[in-house]
Amino acid sequence: MIVLADMVKLLSWCIAQVRINKVAVVPTEGGQWIRKRRNPFCFVPIVVGNIVFGFRRVGVRVLHNHQWLEWESAVYAAMGISVKRQGAAGLLVPKFQGQPLLAAFDAQLMCAEEVIEVLALALKELYRLHQIEIVVDGKPVLFSHADASITNAIFDWETRAAVWVDFDLRHDLKQPASLRHADDLRAFTSTSIRCLAIEVPSDELFEKYMQAMKRAYPDEQVWQQYHDFQHGFWNVIDLFAYAQGFRCMSACRALPPK
Ligand SMILES: Nc1ncnc2c1ncn2[C@@H]1O[C@H](COP(=O)(O)OP(=O)(O)O)[C@@H](O)[C@H]1O
Ligand SMILES: [Mg+2]
């Protein structure tokens, strides 16, 4: 059993090292844009990843170029943000004000209560996005992020607004929205809890955090589903979830020292 757990963690670590996109800031006369392009030969990790992620309780797919451009553009359009296509495998998205959520914590040197407040704002924004319908193949579906770890949220310190980015993964849309939303909650909580304490947070702090998250995401059915996940076998062998954790840890380490 221990060997299996180590294997799962090793494989997840390898998955977390794979980069399928190249992201760069592009200054133009009209302001700054983020250019996102696929790396050459990215189809190899995409195909392998999709086989592995297909076995999850909540299936996730890394979208191939055409589907990715369609989906990421449609999600931004639903958020009221217009993006530009660049060639067959590139997208230009307006650069949002603020910093990645992780960097915001570091820069502001906040106490745990303030961290919880900011996390709640990011989760509230995710809840708002979860109520949006997006048309896929002529049918409206409720949005879910599929990679809602805090590395994909930007926080603007001045306006205290959070915005979510990175829509090149997609849940299997045949699955009920409550299941997909619960998987987003899992990704968000498992990566954001690390911002509270380097080691395990105290019971009291954890309770405060959970209460704030439940206020920010007021859907009892999704929380019920989320709690079911925490106790299921699938949780233990979820390579994707471990990879999200490793990604988050390496993003933390990449921050400049305090
Ligand atoms: N529109 C944007 N405005 C500001 N920063 C962005 C924007 N889009 C992406 N980023 C930053 O670039 C990082 C990588 O972009 P992302 O879309 O998440 O690509 P990847 O699929 O490689 O994770 C994000 O975590 C975020 O910090
Ligand atoms: Mg990302």
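**Notebook: helix packing, sheets and the ligand shell**

I began with two helices and found that helix H6 (residues 177-192) and helix H10 (residues 239-253) pack at an angle of about 40°, with their axes 10 Å apart. I noted that helices (H or I, at least four residues) and strands (E, at least two) are DSSP runs, numbered from the N terminus. The axes are lines fitted to C-alpha atoms, for helices over the stretch in contact, and the angles run from 0 to 180 degrees between N-to-C directions.

Before going on, I wrote down that this is a predicted model, in which local features need pLDDT of at least 70 and side-chain atom pairs count only at pLDDT 80 or more, while totals for chains, interfaces and linings use all residues. Residues are numbered from 1 along each chain as its sequence is written, and chains are lettered from A and ligands numbered from 1 in the order in which they are written.

How are H6 and H10 placed to each other? They are oblique, therefore, since angles under 35 degrees count as roughly parallel, over 145 as roughly antiparallel, 65 to 115 as roughly perpendicular and the rest as oblique. On the H6 side I listed Arg-186, Ala-187, Ser-190 and Thr-191, and on the H10 side Ala-241, Gln-244, Gly-245 and Cys-248, as the residues that make the contact (C-beta atoms, placed from the backbone, within 7 Å). These residues divide into three nonpolar, four polar and one charged, where Ala, Val, Leu, Ile, Met, Phe, Trp, Tyr, Cys and Pro count as nonpolar, Asp, Glu, Lys and Arg as charged, and the others, Gly among them, as polar.

Next I looked up the sheets, where two strands pair if DSSP finds at least two bridges between them. Four strands form an open antiparallel sheet in the order E1-E2-E5-E4. E1 and strand E4 (84-85) are at the edges with a single partner strand each, so one side of each has no neighbour in the sheet. Five bridges join E2 to the antiparallel strand E5 (residues 90-94), and I found Arg-37 opposite Gly-90 in E5.

A further open antiparallel sheet has three strands in the order E6-E9-E10, with strand E6 (99-100) and strand E10 (161-164) as its edge strands. Helix H5 (residues 112-130) lies across E9 and E10, running at about 50° to E10.

Lastly, I checked ligand 1, around which there are 14 residues (near means a C-beta atom, placed from the backbone, within 6 Å). Asn-21, Phe-96, Pro-100, Val-165 and Asp-166 come nearest, and strands E1 (21-28) and E2 (31-38) are the elements that give two or more residues to this shell.

Definitions and conventions: Two residues are in contact if their C-beta atoms, placed from the backbone, lie within 7 Å.
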